[in-house]
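I opened this chain for the first time and kept notes as I went. The entries below are in the order in which I looked things up.

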Amino acid sequence: MAEYGSMLSDLSENITSEDLRQLKSACKEDIPEGESDHIACSRDWFSYLEERSKLAQDNLSYIEHIFEISRRPDLLTRVIEYRTTVLKISEDDEIDTKLTRIPSAKKYKDIIRQPSEDEIIKLAPPPKKA
């Protein structure tokens with residue numbers, strides 16, 4: 001899929017060597033220290049994740065998580081845009097999928113969604129000082 005390659009290329013252009021060190025550190029449980037030294041650029045990192053089935057054109061949850069914990073909302077946003085426009089998977093669909101993996105979490109689904117305007121409790125303004 002050309003869009004997938006394009007997305008990875010776009011992400012690579014926005015990952016500096018310092019970013020890469022941080023991303024590899026965030027993956028340290030999945031990348032042994034000796035193998036981490038062989039990952040010299042972001043394209044190597046993506047290839048490594050693909051070889052280990054942590055990343056695929058229809059499996060982006062791992063890098064979404066890594067970008068989130070690495071505090072890279074710009075990269076996370078690009079991945080989410082790809083997922084919603086190319087794969088046609090919305091945030092709500094993703095939440096449903098994640099919740100079905102954890103049976104006890106299904107009952108909390110309503111808590112995760114944003115409340116409607118009617119559900120928001122409005123507070124009165126504070127009293128004016130005399």
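**Ground rules.** I am working with a predicted model, in which local features need pLDDT of at least 70, side-chain atom pairs count only at pLDDT 80 or more, and totals for chains, interfaces and linings use all residues. I number residues from 1 along each chain as its sequence is written, and side-chain values use heavy atoms, with hydrogens and water left out.

**The whole chain.** I looked up the secondary structure and found 8 helices and 0 strands. Helices (H or I, at least four residues) and strands (E, at least two) are DSSP runs, numbered from the N terminus. Read from the N terminus, the order of elements is α-α-α-α-α-α-α-α.

I then looked up burial. Of the 130 residues in the chain, 28% are buried. Buried means under 20% relative accessible area, exposed over 50%, and partly exposed in between (1.4 Å probe, protein chains only).

Next came contacts, where contact means heavy atoms within 4.5 Å. Among contacts with a separation of 6 or more, 48% join residues 24 or more positions apart.

**H1 and H4.** How do the axes of H1 and H4 cross? I found that the axes of H1 (residues 2-13) and H4 (residues 42-51) come within 9 Å and cross at roughly 135°. This makes H1 oblique to H4. Axes are lines fitted to C-alpha atoms, for helices over the stretch in contact, and angles run from 0 to 180 degrees between N-to-C directions. Angles under 35 degrees count as roughly parallel, over 145 as roughly antiparallel, 65 to 115 as roughly perpendicular, and the rest as oblique.

On the H1 side I listed Tyr4, Leu8, Ser9, Leu11 and Ser12, and on the H4 side Ser42, Arg43, Phe46 and Glu50. By class, the residues of this contact are 4 nonpolar, 3 polar and 2 charged. Ala, Val, Leu, Ile, Met, Phe, Trp, Tyr, Cys and Pro count as nonpolar, Asp, Glu, Lys and Arg as charged, and the others, Gly among them, as polar.

**H1 and H6.** I looked up H1 against H6 and found an angle of about 175°, with the axes 10 Å apart. That makes H1 roughly antiparallel to H6. Glu3, Tyr4, Met7, Asp10 and Leu11 of H1 meet Leu75, Arg78, Val79 and Tyr82 of H6. The contact of H1 with H6 has 6 nonpolar, no polar and 3 charged residues.

**H5.** Which residues of H5 (residues 61-69) are buried? They are Tyr62, Ile63, Glu64, Ile66 and Phe67. I noted that the buried residues of H5 pack against H1, H2 (17-26), H4 and H6.

**Leu76.** This residue lies in H6, and its relative accessibility of 17% counts as buried. Leu76 and Glu64 are 12 residues apart along the chain, and their C-alpha atoms are separated by 5.6 Å. Leaving aside neighbours within four places in sequence, Leu76 is in contact with Glu64, Phe67 and Glu68.

**Leu87.** I found Leu87 in the loop between H6 (73-85) and H7 (91-101). Its C-alpha atom is 7.2 Å from that of Asp58, 29 residues away along the chain. Not counting residues up to four places away in sequence, Leu87 touches Gln57, Asp58, Leu60 and Tyr82.

**Positive phi.** Most residues other than glycine have a negative phi. I noted Ser53, in the loop between H4 and H5, with a positive phi near 60°. Ser53 is exposed, at 58% relative accessibility. Arg71, in the loop between H5 and H6, has a positive phi near 55°. Arg71 is exposed as well, at 73% relative accessibility.

**Cysteines.** How many disulfides does the structure hold? I found 0, a disulfide being a pair of cysteine sulfur atoms within 2.5 Å. Cys27 is buried, with a relative accessible area of 0%, while Cys41 is partly exposed at 33%.
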